[in-house]
Amino acid sequence: MVVVAPTAGDRPHQLGLGGGVRVVDGPAPPVELLQVVGETAGKQVATARVLVEGFAVLEPPVDAEEAAERADDVAALLAAFGNHLHERTAHHLGYPYNLDFDFSVLAQFQNFSINNLGDPFIESNYGVHSRQFEVAVLDWFARLWDLQQDEYWGYITNCGTEGNLHGLLVGREIFPDGIIYASRESHYSVFKAARMYRVECVKIDTLVSGEMNCADFKSKLLQNPGKPAIVNVNIGTTVKGAIDDLDRIIRTLEKCGFKDRFYIHCDGALAGLMMPFIKQAPKVTFKKPIGSVSVSGHKFIGCPVPCGIVITRLEHVKVLSTDIEYLSSRDATIMGSRNGHAPMFLWYTLNKKGYKGIRKEVQKCLRNAHYLANRLKEMGVSASLNALSNTVVFERPRDEAFVHRWQLACEGSITHVVVMPNVSIEKLDGFVEELVAKRSSWHEGKEFSVPCVAKDMGAENCLCSQHNKRSRIA
């Protein structure tokens, strides 16, 4: 078993409540996360328990002097935590979050409990809501995906997973005896939905790019000709950023005899908002026979709270709608109560950037992703980048401390950097330089062989000795 503790961020590091603030120079103690790596069924499994040393919830002191000391301790702890978040934000490359935003103009609304409970299109008796902002944002996304106001329904979710849960639930309600088909590289929430709804789920093999293998999809459809198909289509897979071929998936369904017996949910968590702004990208549109699309609001747009958007056809959502007397409204959402601040964040950003601003950021991300992939290869690191993607996949670093420092998301022998609008060329250069320097130290300066990752990213992208003659590096 290996125990991995986080490395220090800022100096000095301030901790502690109750016994006064401790100022610690040098490496910070592992107060953020303890990660224990063990093995289950032959696979490494990480379990985590947040350590709360210095963060325990305590009763307020009765004595005035002690209460004043406690207030000072709390202020110092919060200041130290703010420094910690600044450092973690500066070394954030592995997850698809746009950290470049400023919502200070909306700070005045933090004093209100804004709750958009129930159906966003029908007011309830609860008056502290932001439905005006929410519906305006939903209208914007409906237009983006070619649905008229009187043809769609949707809402702003609490996260991307909720969008997938809702889209697949609509599919299940339309086809109660249907089977969910999803590629093996789909987001884990898709398989969570299948378990929650007790729906049979068939996993489809993928190409080395991460895209759904339509030949395997056809084969598995034909094994279940009597049951409707509920298909999850990835508009950008989690690890490789691969785009499933929506048009080919539709053709496969129709050729296999599933015409009018399928429901397609498009999981566009990150790339769903990027594709409409790339000329050569395949079009995700409700002019095609799809049932729903979901994206995350805190990813490409950027938001201080997790949120998302799900859009479906109005005719479909009727299978979920329930009148709620307590609310004096109707509800077809998953969660009921929903964060009313999130629509305001999204509305503000969309108004501030507009189509031109978003298109500019998409182009920047794609350009910088190509730059990173090329830089890694130049330095002898195996790397790949799917077309139309901002996710650069490369060989997994052998040092968990380095992985933690840059918050890299790893899977097997590979990891990735998701090049978001807040990621500059300077940051990418610093990352590559540090990776290359650390890479040599991991092997104590001795010559070593580049690991083979051909099965994960293709032989053409692998720089191991078997696939590249110049793979031996010092």
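Is aspartate 216 buried or exposed? Select it and see: its relative accessibility is 14%, so it counts as buried (under 20% relative accessible area; exposed is over 50%, partly exposed in between, with a 1.4 Å probe and protein chains only).

Before moving on: this is a predicted model, where local features need pLDDT of at least 70, side-chain atom pairs count only at pLDDT 80 or more, and totals for chains, interfaces and linings use all residues. Residues are numbered from 1 along each chain as its sequence is written, and side-chain values use heavy atoms, leaving out hydrogens and water.

Stay on aspartate 216, which sits in helix 5 (residues 214-221); helices here are DSSP runs (H or I) of at least four residues, numbered from the N terminus. Show the backbone of aspartate 205 too: its nitrogen is 2.8 Å from the side chain of aspartate 216. Leaving aside residues up to four places away in sequence, aspartate 216 touches Lys203, Ile204 and Asp205 (heavy atoms within 4.5 Å).

Next, select residues 160-174 and 188-197, which are helix 3 and helix 4: they pack at about 45°, axes 9 Å apart. The axes are lines fitted to C-alpha atoms over the stretch in contact, with angles from 0 to 180 degrees between N-to-C directions. To find the contact, pick residues including Leu165 and Leu169 of helix 3 and Ala193 and Met196 of helix 4.

Last stop: helix 9 (residues 341-378) and helix 11 (residues 425-442), whose axes come within 10 Å and cross at roughly 20°. That makes helix 9 roughly parallel to helix 11. Among the contact residues are Tyr371 of helix 9 and Val432 of helix 11.

Definitions and conventions
Helices (H or I, at least four residues) and strands (E, at least two) are DSSP runs, numbered from the N terminus. A polar contact is a pair of N or O atoms within 3.5 Å; within protein, one must be able to donate a hydrogen and the other to accept it, and residues adjacent in sequence count only if both atoms are side-chain atoms. Angles under 35 degrees count as roughly parallel, over 145 as roughly antiparallel, 65 to 115 as roughly perpendicular and the rest as oblique.
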